[in-house]
Amino acid sequence: MDRWYLIASTLFALAGGAWGLWSVLHGTRSRWTMASMVAVFGFQLAFLSARGEARGACPLRDTGEILVFLAWSLTMFYLIVGSAYRLSLLGVFTAPVVVVFHGVALFSGLLDSSPERVASHNFWGEVHAAVSVLAYGALALAAVAGVMFLVLDRLLKDHHLTGGLFGNLPPARELLVSLQRLLWLGGGLLTLGVLAGVLMPRTGSASHLIVATLVWLGYMALIFTQQTRGLTGRRLSWCALAGFVISLAVFAFI
Amino acid sequence: MDLLCLGLNHRTAPVEVRERFAVPGHQLAETSAELAKLDGVAEGLVISTCNRTEYYLAGEDAHRAFAALETRLAAEIAPDHDLGDHFYHKQRGEAARHLCRVAAGLDSMVLGETEIFGQVKAAYAAALDHGATGPVLNRVFQRAFSIGKKVRTDTAIQEGATSVAGAAVELAEKIFGKLAGCRVIVVGAGEMSRQTAQALVSRGASSVFVTNRSFERAGELAREMGGLAVRFDEWTAALADVDVVISSTSAPHTVVLPAHIQAVRRKRKYRPLFLIDIAVPRDIDAACGAIEEVYLYDIDTLEQLAEEARHRRQRQIELCESIIGAELEKANLPGV
């Protein structure tokens, strides 16, 4: 049953993204993207609660679950930021990322078809996993906002000022403010995640914690540089995008 | 009872005629009430803007009502003028259609402009308060407002800025969002830069600095906009604090150079900087546009944006007219 929740969620993300893109290309505001993302969020919750029930623990036991949890976190932050800052187009950019995460989880065999019940619980271990994935949701959305800024920046620089995409993109400064707040939020959550990781009992190699600490240091350096010295919107956006893609890639290999 | 309209506008009368018939805002209610007392007139309302003066009446006999109004106008305002030269007469459906076109901005000098809607509403409210309107004008005007709104929301008739200043404001809003708190420096106190700066101020921009070779002229413009005059040899220092630079000097060479911006980038923490060059020859070195956080636009780009917006609005006229026609047909208004 949990698989069907995930398929329904993916279909809503696909429909919301496609509808939003169609609206953008026709120069109108998409009224359904936000609604479809609410449906995406609802089905993600249903999936995660079914998996949590089966596991008897936070559903972060296989890579498929981690990807869906990440997509859920991304969707949640989109619903918070998108509605608070009127960044409705953010949904059009977020939906494809959600589809990719769900798609990989569904069709790559990364999702355990019969999840086993977890025998023993470790509080710090669960906090580490849950808070870290939440952090990456915020950082993923920061990367999405960065992509939107880069698109707008290119259109403004090249004087392509009349298309539907240009008309629907939020103002550059609002995108940068959202991006910075998401970096702060993601950075804060990541700090908690790393601290919980330090406190949890470890067996075997510490490479995961070392990589997590390096990623955390990278994000802290980015936030510190932005706050003290300042960065151009373009550089900040590229850094947010690169930071997320690199950390995702690194964790995929360890 | 018939709906009637007698009026003149920017197409039918030059400004020296329009100004004689203009009714100041504080006299709209009184004038409307006087109209309703004319022979053969049951209800009356006057709309007066810089581009038009229109009298809307409801009366049993159109001929008698028009004659009474024309006699009054000739006697009080233009005894030496033949009103027929400049005024248009519209009755029943044609008058209602005309009012809807006015409310929707289709009859305005700048197609689709929004100010007229508020002006017609204010004129109606004044007449209503003084009891000058009745069942015919009340229903016709209320319907015209809803049709005007529908036209504006269902079409692109008011989309895009149609002036250079408006296009600059739209771009500024695309870069900064709300302009509240945005700081502006005007380099060269010409008319075009004044208009652009004022358009930005009207949308919330604050802290306007003005610099000009003549410090006295800079002071005048700064006072006009509640800003601060800066000596011409000191303006680059202000660059660190501003978000928008409007340049319009008559200098034969470039005034704003990449080196000026490079010198303050760090201090600005690389915040976006919007450069508007409305001078010919250009004031801002094109190389400034290559700096990452700088968005540079010259007069041609802004004029092109305004021109495209005007064309887009022109292409909407047919759709607007069909909405007005369909809505009026559905409304079944009295006097129409």
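What share of the contacts in chain A with a separation of 6 or more comes from residues 24 or more positions apart? Such pairs account for 81% of those contacts. Two residues are in contact if their C-beta atoms, placed from the backbone, lie within 7 Å.

This is a predicted model, in which local features need pLDDT of at least 70, side-chain atom pairs count only at pLDDT 80 or more, and totals for chains, interfaces and linings use all residues. Residues are numbered from 1 along each chain as its sequence is written, while chains are lettered from A and ligands numbered from 1 in the order in which they are written.

**Chain A overall**

Chain A has 9 helices and 0 strands. Helices are DSSP runs of H or I with at least four residues, strands are E runs of at least two, and both are numbered from the N terminus. The radius of gyration of chain A is 18 Å, close to the 18 Å that the globule rule gives for 254 residues, so chain A is as compact as a globular protein of that length. That radius is taken over C-alpha atoms, and the rule is 2.2 Å times the number of residues to the power 0.38. The C-alpha trace of chain A spans about 60 × 45 × 30 Å along its principal axes. Of its 254 residues, 45% count as buried. Buried means 20 or more other C-beta atoms within 10 Å of the residue's own, exposed means 12 or fewer, and partly exposed lies in between; C-beta atoms are placed from the backbone.

**Domains**

Both chains are divided in two. The bounds come from an automatic or database domain assignment.

| Chain | Domain 1 | Domain 2 | Distance between C-alpha centres |
|---|---|---|---|
| Chain A | 1-111 | 121-254 | 18 Å |
| Chain B | 2-157 + 316-331 | 164-308 | 41 Å |

In chain A, the contact takes 24 residues from domain 1 and 24 residues from domain 2. On the domain 1 side, α1 (2-25), α3 (63-84) and α4 (89-107) each supply at least two residues. The largest share, 9 residues, comes from α3(A). This side divides into 19 nonpolar, 4 polar and 1 charged. Here Ala, Val, Leu, Ile, Met, Phe, Trp, Tyr, Cys and Pro count as nonpolar, Asp, Glu, Lys and Arg as charged, and the others, Gly among them, as polar.

**A residue in α1(A)**

A:S23 sits in helix α1 of chain A. A:S23 is buried, with 20 other C-beta atoms within 10 Å. Leaving aside neighbours within four places in sequence, A:S23 is in contact with A:T28, A:R29 and A:S30. A:P59 is 36 residues from A:S23 in sequence and 36 Å away in space, C-alpha to C-alpha.

**Where chain B touches chain A**

The contact takes 14 residues from each of chain B and chain A. On the side of chain B, the elements giving two or more residues are α7 and α12. The most, 4 residues, come from α7(B). The side of chain B divides into 6 nonpolar, 2 polar and 6 charged.

**How α7(B) meets α12(B)**

Helix α7 (residues 164-176) and helix α12 (residues 299-314) of chain B pack at an angle of about 95°, with their axes 8 Å apart. That makes α7(B) roughly perpendicular to α12(B). Angles of 65 to 115 degrees count as roughly perpendicular, under 35 as roughly parallel, over 145 as roughly antiparallel and the rest as oblique. Among the residues that meet are B:V164 and B:G166 in α7(B), and B:I299 and B:E303 in α12(B). The residues of this contact divide into 7 nonpolar, 1 polar and 1 charged.

Conventions:
Axes fitted to C-alpha atoms, helices over the stretch in contact; angles between N-to-C directions.
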